Amino acid sequence: MPKKRNTDILSSPDAPNMFTGEAPLESAHKVWAKVDKELIYALGPNVHRSWTGRLSVSDACAFSVNLTAPTRFIASKIETQYFDDVQRLWAKHDVVAPPRQITISRPVSHMTPSASSLKNRQPGKALASHRPPALGASKIDASENTQPKATTTRYRTKASFERSDREMALNNTAVSDTPFGDTGASAFDGTARARMGESPRQRFTFDNFVVGAPNEFAFAVARQIASLDEPQYNPVVLHGANGIGKTHLLYAVQNAVEASDPTRRVKLISSEKFVNAFVSSVRGGGRDEIEAFKSSLRDVDVLIIDDAHFIADKPGSQEELLHTLISLVGEGRQVLIAADRHPDLIEKASDRLKSYLCSGLVCKISAADYELRLRILDRLIARRRETANATLAIPQNARDHLAARINATPRDLEGAFNQVVAQSELLGTPITLETIQETLSDSRYSKGMRLTVDKIQRAVAEEFGIALNDMTSKRRARDIARPRQVAMYLCKKLTKRSLPDIGRRFGGRDHTTVMHAVKRVDSLRAEDSVFNSRVSAVETTLKG
Ligand SMILES: Nc1ncnc2c1ncn2[C@@H]1O[C@H](COP(=O)(O)OP(=O)(O)OP(=O)(O)O)[C@@H](O)[C@H]1O
């Protein structure tokens, strides 16, 4: 008779490894020793020494393993930048199938309760309260205040982390209209907040917004909205690339209006929240739900909607938004909207919505130039000195380098600044031009990744001798169309932009046109050596 399988034991968190017979914690230490070594090769010794090499196994069961970092910042950094490597190598060396879930956490004190408890642990005694979160569990349970605080789950993406501050703000606003309290905030939100010192709502003020040629119009408009009781332009749309300061200005308006006249009702909501609230009110089915939704948006003096482009392919929500705007504007209430592109370029937005959005005032925030980036950097340094590190010193040549090198958005600049400062503060090293170069060389700020569509279009237009505006024109003559295809090809190859996004930046072309261009240039490069060397020449110039 076949032996009865003891599923209770095998599915228990303390079950020994089926293959090696090792206890979960023992096997986790062994696996980590291998992963630790391989990470040196995978990430390079410098990165490993500064980040992943500072992890250690603090707890493990048959389903999951908890790796602890010495500080919250290091845990966040690993989670956002190196987690995939850790996870991949862990899966390679852990013989458990499916591989155990990895959680990165930071201790609340040097000797974490879980570590000390593990030391005193009685063989065979389960430590239920010190288990790493189970598979699929969300962030750490706030009641487990003796546990290392998990900064995030395995499902968070880098992009979502970058946006977390802002989303946290928008979500809180939408869930409740109370200013940033702790209510409802997740453990991760708490981490993000601690990392930045203040909530976005507190940081995003007019005073903290650095004004320069690329944003002065938008700033002036926002200030005017905040200072007038009667709208002068309505609706107002601010548009510009991601991370360029739109949300900052929206919050600045909200803050300023509330500070100057607490009786004025201001509501700031993301269009994603708008859609969700609208859909759930409709699903709720009752008239009351729908009426409650409508009045929550219409009983305000100033309605501010962020990321309006999100609503593009949702016809029902678009219609509702349009009615909301018409109703508010009709009653003389101010409407302020932000989107990542001009309303006319919001694909799948209805013509009525587009034309209504353009009927008030549309103003663009342009890319930050070097001078503005330098001034934003100076402001960041000043704030850091005021709030956390009075002796922070960054030599001028290092500042110049940072402002010149991070030629993307203020958000990227802020991220790079945080990285440089945190590394210096945590490792106790001074900030110099060399340390900045080293920090940035390990990161997403490496030159090739920061190439913009605009730069590529310019470089290709120059090489092939066509006008820059032919990149977006409808002209189809081969001597124009071919360089345009080259530029599309290089955008796909050298940036992280999607095919639809690239198409949009080439005069609103379809993604299939971009796909065709990529294939065509690829095959021409293989067939025609002169053409190939011209494309290589542009590529080399761009990569600098
Ligand atoms: N002119 C500026 N002065 C100071 N800080 C700025 C400025 N512009 C942007 N920032 C900072 O850059 C970060 C990103 O800005 P913000 O979230 O407002 O971008 P966004 O345009 O709303 O991006 P998205 O399109 O992704 O929503 C914020 O921390 C903001 O404070």
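**Exercise 1.** Identify which helices supply at least two residues each of the shell around the ligand.

*Solution.* Helices here are DSSP runs of H or I with at least four residues, numbered from the N terminus. The structure is a predicted model, in which local features need pLDDT of at least 70, side-chain atom pairs count only at pLDDT 80 or more, and totals for chains, interfaces and linings use all residues. Residues are numbered from 1 along each chain as its sequence is written.

**Exercise 2.** Describe the shell around the ligand by its nearest residues, its classes and its domains.

*Solution.* The shell holds 20 residues, and Asn-242, Gly-245, Lys-246, Thr-247 and Pro-410 come nearest. Sorted by class, six are nonpolar, eight polar and six charged; Ala, Val, Leu, Ile, Met, Phe, Trp, Tyr, Cys and Pro count as nonpolar, Asp, Glu, Lys and Arg as charged, and the others, Gly among them, as polar. Because domain 3 (204-364) and domain 4 (370-449) both contribute residues, the shell lies between them. The domain bounds come from an automatic or database domain assignment.

**Exercise 3.** List the contacts of Ile-304, leaving aside neighbours within four places in sequence.

*Solution.* Two residues are in contact if their C-beta atoms, placed from the backbone, lie within 7 Å. By this criterion Ile-304 is in contact with Leu-250, Val-253, Gln-254, Val-266, Lys-267, Leu-268 and Leu-336. Across the protein, 73% of contacts with a separation of 6 or more join residues 24 or more positions apart.

Note on methods. A residue is near a molecule or strand if its C-beta atom, placed from the backbone, lies within 6 Å of it.
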